[in-house]
Amino acid sequence: METNMFINNPSAHLPFSYTFTSSSNSSTTTSTTTDSTSGQWMDGRIWSKLPPSLLDRIIAFLPPPAFFRSRCVCKRFYGLLFSNTFLEIYLQLLPPRHNCFLFFKHKTLKSYIYKRGGGGGANDDGSNKAEGFLFDPNEIRWYRLSFPYIPSGFYPSGSSGGLVSWVSEEAGLKTILLCNPLVGSVSQLPPMSRPRLFPSIGLSVTPTSIDVTVAGDDLISPYAVKNLSSESFHVDAGGFFSLWAMASSLPRLCSLESGKMVYVGGKFYCMNYSPFSVLCYEVTGNRWIKIQAPMRRFLRSPSLLESKGRLVLVAAVEKSKLNVPKSLRLWSLQQDNATWVEIERMPQPLYTQFAVEEGGKGFECVGNQEFVMIVLRRASLQLLFDMVRKSWLWVPPCPYSGGSSSGVGSGGSEGEVLQGFAYDPVLTTPVVSLLDQLALPFPGAC
C-alpha cells in the first residue's frame with residue numbers, strides 16, 4: 001500500500017518549468033526538451049539512451065516529493081518503489097536526507113487521549129483515519145500525510161530513521177507499531193513487560209538496528225500509586241534480540257510528563273519536571289543519570305531536541321525579580337554531559353511579538369538538524385529558526401489543520417495542539433524485516 005503524500009497537495013509544483021517541442025527533418029524526428037529557466041536544451045537522443053542502472057542512481061538522489069512525482073512518468077518508474085534492485089542502490093548511495101517535521105493533532109496531557117480527525121471518543125466507529133501534516137523547512141511547504149493502515153486506538157509517539165512509532169492508547173501492556181508512511185508498511189513490536197498509563201518513549205532506528213526505551217509509571221489508573229520504572233527493547237542485524245528487559249532504576253524525584261525522548265550519541269534524554277532537570281539513559285551502560293538544567297528556576301516550556309549530533313534545550317527565561325529581560329534561549333549540552341552553553345537567544349523585538357502571540361499559554365519545540373520549529377499552543381502559528389543562517393521565520397499556518405484559535409482548526413476540540421517530531425523520509429528501512437521473525441499477531445487485523 002502506498003500513500004498519496006506528495007501528489008495531493010494542490011499547491012505542489014515541479015522544481016523546474018519544462019516545455020516540450022518537436023522538430024522534424026527529411027530523415028528523422030527528434031524530441032528535445034528545454035529548461036525555460038536556463039535556456040539549455042536536453043537532447044532526447046542522449047538522455048533517452050542512459051543505461052537503466054545509471055538512471056536509477058540519478059532517481060535515487062531525488063528528494064521524496066520529486067521521486068513520487070516521477071512515478072507518474074511511466075510504469076517502470078512507478079515500480080521502482082517495489083524493486084529490490086533499485087532499493088539496494090538507494091541504500092548503497094545513502095542520498096542526502098530530506099529533513100522535515102511531522103505534526104499530528106494531539107490532546108493536551110490532561111486527557112492523554114489522541115484525537116483522530118473529526119472523530120474519536122466512545123462513538124468513534126473507526127471510519128476516521130489518522131492523518132499527519134508534514135512540513136518541509138527547505139521549501140516552506142506543507143503536505144497532508146494519511147495513515148489509513150494504523151488501527152484505531154493508537155497515537156503517534158516518535159519518529160526515527162524514516163519510521164513513525166504508534167502506541168496503544170489503552171492503559172495496560174502497551175503495544176508499539178512502526179510504520180513507514182511512504183510505502184505504507186507496518187511492523188509490530190512485542191507488548192511491553194509492565195502495564196503503563198502514559199509512558200515517555202524513545203526511539204532510535206538505523207538501517208541495521210532498532211532501540212526503544214520506555215520510562216514512566218507502571219500503573220493502569222491515574223489514581224494508583226506511582227512506581228517509576230523503565231525497560232528497553234533492542235534488535236539488530238547481528239541477530240541480537242533483547243525483548244523489553246527491565247532497565248536500571250530511575251533517579252529519585254522523577255516526574256515524566258512530556259511523553260517524548262530525544263536520542264543523541266547512544267543516550268536517550270527526556271525532561272524532568274518539578275523542578276526542571278534532564279534525565280539521561282545510557283543504553284550501553286544501562287544506567288540513568290540526572291543532569292541539572294540551565295537556569296532551572298526560571299525556565300518556562302522547556303523542550304529537548306537533537307541538532308547535528310548534539311542535545312539542545314529550548315526554553316523561555318523569565319526572571320521576575322531580577323533586572324534581566326524575558327527571552328527565549330537555546331543551550332547545547334557539552335560532551336561532559338553536565339555543562340550547558342548558550343548558543344542562541346531570540347532577538348528582543350521578535351520575542352516581544354512572540355510573547356504577544358503566545359499569550360502565556362506555552363509552546364513546544366522540535367528540531368531536525370539545523371532547523372528548530374516552535375509551535376505555539378492554542379494558536380495556528382509556528383516559528384522556524386535556522387541555526388546555520390541565524391534566521392527566524394513565521395511559518396504560514398498549515399492549510400490542512402484549519403487555523404482557529406485552538407490551533408487545530410474550527411473542528412478541533414478544546415485542548416488540542418500540534419505535536420511534532422523530526423522526520424526524515426526514506427524509501428526503505430530493511431531492519432524492520434527482523435521484527436517479522438517474531439511472528440506477532442497484528443492488532444485490529446481484519
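Predicted model: local features only at pLDDT ≥ 70, side-chain atom pairs only at ≥ 80, totals over all residues.

Trainee: Is Val312 buried or exposed?

Mentor: Val312 is buried, its relative accessible area being 0%. Buried means under 20% relative accessible area, exposed over 50%, and partly exposed in between, with a 1.4 Å probe and protein chains only. Val312 belongs to strand β22; helices (H or I, at least four residues) and strands (E, at least two) are DSSP runs, numbered from the N terminus.

Trainee: Which residues does Val312 touch?

Mentor: A contact means heavy atoms within 4.5 Å. Leaving aside residues up to four places away in sequence, Val312 touches Ser303, Leu304, Leu305, Ser307, Leu330, Trp331 and Ile343. Val312 and Gly367 are 55 residues apart in sequence, and their C-alpha atoms are 8.6 Å apart in space.

Trainee: What is the average pLDDT of the protein chain?

Mentor: pLDDT is the predictor's confidence in each residue, from 0 to 100. The protein chain averages 79, and 77% of the residues score at least 70.

Trainee: Why is strand β26 described as largely enclosed by the rest of the structure?

Mentor: In a regular strand the side chains alternate between the two faces of the sheet. Six of the six residues of β26 (residues 371-376) are buried, so this strand is largely enclosed by the rest of the structure. Phe371, Met373 and Val375 cover one side, and Val372, Ile374 and Leu376 the other.

Trainee: Which strand does β26 join through six bridges?

Mentor: Two strands pair if DSSP finds at least two bridges between them. Strand β25 (residues 363-368) is joined to β26 by six bridges, and the two run antiparallel. Phe363 stands opposite Leu376 in β26. β25 and β26 form a hairpin with two residues between them, and Gln369 in the turn has a positive phi of about 60 degrees. β26 also pairs with strand β27 (residues 382-386), in the antiparallel sense over five bridges. There the bridge partner of Ile374 is Leu383. The hairpin of β26 and β27 has five residues between the strands, with Arg378 in the turn at a positive phi of about 55 degrees.

Trainee: What is the order of the strands in the open sheet of four?

Mentor: The order is β17-β18-β19-β20, with antiparallel pairing. β17 (262-264) and β20 (287-292) stand at the edges with a single partner strand each, so one side of each is left without a neighbour in the sheet. Within this sheet, six bridges join β18 (residues 267-272) to β19 (residues 277-282), and Phe268 stands opposite Tyr281 in β19.

Trainee: How many cavities of 30 Å³ or more does the structure hold?

Mentor: Rolling a probe the size of a water molecule over the atoms shows where empty space is left. On a 1 Å grid over the protein atoms alone, a cavity is a set of points where a 1.4 Å probe fits but cannot get out, and a pocket is an open set with protein on both sides within 12 Å along at least five of seven lines; lining residues have an atom within 4 Å of a point. Grid points are joined across faces, edges and corners, and a volume is the space filled by probe spheres set on the points. The structure holds three cavities of 30 Å³ or more. The largest cavity has about 50 Å³ of space, and of its ten lining residues, Tyr155, Ser157, Phe198, Gly259 and Gln419 are the closest to its centre.

Terms used:
Residues numbered from 1 in each chain as written. Heavy atoms only, no water.
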